[in-house]
Amino acid sequence: MTNRFICIHGHFYQPPRESPWLEEIELQDTAHPYHDWNERITAECYAPNAFARILDDDGFITDIVSNYEYMSFNFGPTLLSWLEHKHPEIYESIIDADRRSLSHFGGHGAAMAQVYNHIIMPLASPRDKLTQVRWGMSDFEYRFGRKAEGMWLAETAVDTETLEVLAAEGVRFTVLSPHQCAAVRVLESKDWIDVSGGKVDPRRPYLCRLPSGRSIALFFYDGGVSQDVAFGGLLDSGENFAGRLLSGFSEYSRTPELVHIATDGETYGHHHRNGEMALSYCLNSIRKRESARVTVYGEYLELVPPRWEAQILENSSWSCMHGVERWRSNCGCNSGGKPGWTQGWRTPLRETLDWLRDELESLYEELVESYLTLPWQARDRYIELVVDRSPDSEALFLKEEARSQLSETEKARVFSALEMQRHALLMYTSCGWFFDEISGIETVQILQYAARAMQLARTLADKNLEPLFRTKLKDAPSNVASLADGDKVYERFVAGAVVTLDRVAGHYAVSSLFHETEESEFRLSYFHVRRSEFSRHRAGKYRFASGTLLLRSDITHDEAEVMFAVLHLGDHNVIGGVKRVEQKPRFQRTLEAVQASFLDNNIPSAIIMLDRAFGRQSYLLWNLFKEEQRRVMRSLLDFTYKDVEINYRRVFESNYSILRALKELEMPIPAALAAPVEYILNTDLRSVFQGNGLIDIGALRNAVEEYGRWPFEPTGEDLRFEIGNRIDTIMRSVRDQEASAEILENLVAVFEELQGLELELDLHEAQNIYFAVARAADVFPAFRSSRVRKAFRALAEHFQVRVPPALESAETGRSE
């Protein structure tokens with residue numbers, strides 16, 4: 001057996017980005033053309049690492065493998081939850097990779113657990129430390145079907161109390177930076193060796209003995225190689241990557257050595273384009289050479305138990321040279337992107353949230369002590385409902401945790417109190433302090449979690465913590481002059497984001513003006529909605545809708561019945577409101593009178609009655625959730641876009657001859673004319689890829705040829721994104737429905753026409769599908785046709801995939 005072992009660890013993590021009220025990530029414009037940053041990073045990193053390419057010397061794909069299967073990795077639980085719901089195929093590939101890794105590594109899996117929502121553990125209260133570890137371990141077991149051996153600490157931030165919690169909860173090891181080791185000694189030796197400043201030998205495991213008598217194994221990764229992977233150019237070449245790792249062993253050592261690195265997992269594909277390919281080449285190369293053995297920490301710990309002992313540097317981390325000050329003070333650590341900015345807001349923010357946490361803990365105990373036998377044990381177990389909110393899961397939880405059988409009202413109070421605590425934990429997500437400015441999206445996110453927790457406190461106990469909370473935030477200075485301080489940030493970015501059952505009703509009321517649905521029961525995010533007495537009318541540019549809604553939160557079980565009426569006056573002008581009413585028949589007659597005025601075309605009377613009914617309560621487009629805002633605004637702007645296209649096309653066509661003359665004379669096209677030309681060229685090319693069915697090759701050829709006549713190239717990430725998505729859709733139909741010669745030949749023609757343009761398309765998913773179908777062609781009846789096989793084989797060149805020998809000859813199939 002070799003004494004040389006290599007382990008590559010990837011810490012895959014994104015901060016939770018979901019709205020605390022909707023439990024969905026709302027549109028993030030900075031991630032465009034993707035919906036949000038999770039989507040973008042999934043496309044650039046999580047999916048490519050699940051389906052990493054092995055290329056031949058010509059750059060053609062010869063194999064697609066999962067990097068997760070042979071590397072050590074951890075995924076943030078909140079990120080895995082998002083992947084489970086949004087990209088189940090990628091989620092399942094990650095889980096399956098860990099399952100397969102067990103056979104490679106002596107029954108030890110590649111995956112590690114992580115503290116639940118990435119809080120800085122040394123700064124957490126003892127109670128929060130325990131919950132973070134228990135939630136992380138429980139979430140891991142729920143997803144991977146086994147108990148975790150190791151646990152990743154957020155920012156590798158560590159103190160002795162954290163290690164005590166890990167050891168008590170059965171965690172065997174964690175991974176730290178070499179700069180977090182203070183001293184080492186051979187087991188049972190009396191003399192400690194000072195290795196501070198990163199001088200620890202990372203090639204061996206260490207035992208950390210704790211004051212309680214427990215112990216935990218520590219791995220200190222190779223800092224130099226990790227730095228070059230993350231921030232240097234080592235991922236430019238998979239061969240160099242492998243060589244650098246193999247050069248890390250002692251030349252003449254006879255004892256086992258482990259060369260291991262740890263970086264953010266997003267390094268492989270998101271931070272470094274094609275980094276996942278360098279990683280797959282590196283892992284594959286090392287395994288083939290047999291000059292070292294690829295391993296994971298759990299296996300290595302079994303094979304090579306620690307012979308050395310280590311002491312940690314208390315309150316240290318991998319991303320702050322000052323320990324953990326980056327998450328509680330103006331220590332000077334920042335992104336470096338804004339010279340002159342300071343982080344004086346960090347301390348007041350930490351102190352404000354600590355105050356709120358203490359207030360919420362006391363309130364939680366008061367709220368649930370008469371319902372739950374052990375309130376804090378119940379909080380530790382609440383993760384079981386976070387991952388599975390089914391009625392059966394809720395019933396089992398209450399059966400084991402409640403003092404007695406609870407009424408529906410009591411259940412709602414208990415679940416709301418537990419949700420209050422969940423958001424009190426989420427508000428400590430480390431990214432809220434990591435960056436430069438209190439108004440950054442990461443800090444706004446944790447302030448929204450705090451707002452949700454305070455909202456629940458106010459609902460449950462009529463305790464309004466928000467005024468004092470905001471007063472404390474005034475001590476947190478913003479670097480943006482117009483925002484001034486944390487209170488202004490809260491007012492601008494948090495207060496308006498708060499969602500109530502009434503706002504959910506208002507959202508539906510306004511959206512019902514623009515989108516028809518026949519369903520009387522439906523879901524809006526995590527809200528169940530039942531609609532009755534609904535009516536919708538249109539008169540010219542005016543629209544009117546009214547009805548009754550019964551809303552229920554699937555999470556807290558809160559319910560409300562509201563009546564609504566809204567009137568669209570054209571453009572973005574909407575008036576009306578929602579109201580909880582005790583005298584429903586009387587209010588229904590009021591709404592019927594408003595409707596009668598509308599149908600009589602007496603709009604002024606309808607407006608007056610709406611004002612009286614709802615007390616001048618305005619429900620505008622701004623009351624819609626962001627997704628619906630964009631959809632409605634696009635609908636309202638449709639006619640404007642059509643007018644723009646008509647006018648630009650008129651300019652283009654009426655000046656076509658003189659524009660061609662300018663081109664032939666090599667004279668620049670004036671900017672006022674260049675804009676219409678480029679707009680029409682892009683519009684015509686984009687229109688070819690819209691809709692369903694076969695792509696019009698004639699129209700595509702015309703669009704490509706027209707581009708060739710002008711000094712313009714297809715621009716914008718949108719266009720490449722749309723074309724790539726259409727090709728993905730076609731390939732999904734080939735896989736899921738049936739490959740037909742017509743569809744395949746059409747796609748071949750599309751690629752041939754697109755060669756006239758220099759478009760760099762993201763064909764990752766389409767290539768994955770092509771590769772999978774090619775290797776399972778025998779199970780597709782359509783591939784008995786030589787015409788299908790020929791067309792499919794022709795696509796190999798465009799997808800740059802080596803097809804199996806069985807597909808190389810079309811003669812094996814029947815002809816058509």
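E361 forms a salt bridge with R127, the closest N and O atoms being separated by 3.5 Å; a salt bridge is here a side-chain nitrogen of Lys or Arg within 4 Å of a carboxyl oxygen of Asp or Glu. Because E361 lies in helix α10 (residues 346-368) and R127 in helix α4 (residues 126-144), the pair ties together parts that are 234 residues apart in sequence. Helices (H or I, at least four residues) and strands (E, at least two) are DSSP runs, numbered from the N terminus. The model is predicted: local features need pLDDT of at least 70, side-chain atom pairs count only at pLDDT 80 or more, and totals for chains, interfaces and linings use all residues. Residues are numbered from 1 along each chain as its sequence is written, and side-chain values use heavy atoms, with hydrogens and water left out.

**Salt bridges**

By this rule the count comes to 58 salt bridges. Three of them are listed below.

| Pair | Closest N and O atoms |
|---|---|
| E361 and R127 | 3.5 Å |
| E717 and R40 | 2.8 Å |
| R422 and E419 | 2.8 Å |

E717 belongs to helix α26 (residues 717-736) and R40 to helix α1 (residues 37-50), so this pair ties together parts 677 residues apart in sequence. Buried means under 20% relative accessible area, exposed over 50%, and partly exposed in between (1.4 Å probe, protein chains only). On that scale E717 is partly exposed at 34%, whereas R40 is buried at 14%.

R422 and E419 both lie in helix α14 (residues 408-426), 3 residues apart, about one turn of the helix. Both R422 and E419 are buried. Salt bridges with shared partners join E23, R389, E419 and R422 into one network.

**Helix α18**

In helix α18 (residues 486-493), the buried residues are G486, D487, V489 and Y490. Seen down the axis, they fall within an arc of 160 degrees, so they line one face of the helix; the arc is that of the directions from the helix axis to the C-beta atoms. Their cover includes α16 (441-461) and α17 (466-473). D485 caps the N-terminal end of α18, with a side-chain oxygen 3.0 Å from the backbone nitrogen of D487.

**S546 in strand β17**

S546 lies in strand β17 (residues 542-553) and is buried, with a relative accessible area of 4%. Not counting residues up to four places away in sequence, S546 touches E533, F534, S535, F564, A565, L591 and Q595, contact meaning heavy atoms within 4.5 Å. S546 and Q595 are 49 residues apart in sequence and 8.2 Å apart in space, C-alpha to C-alpha.

Terms used: A polar contact is a pair of N or O atoms within 3.5 Å; within protein, one must be able to donate a hydrogen and the other to accept it, and residues adjacent in sequence count only if both atoms are side-chain atoms.
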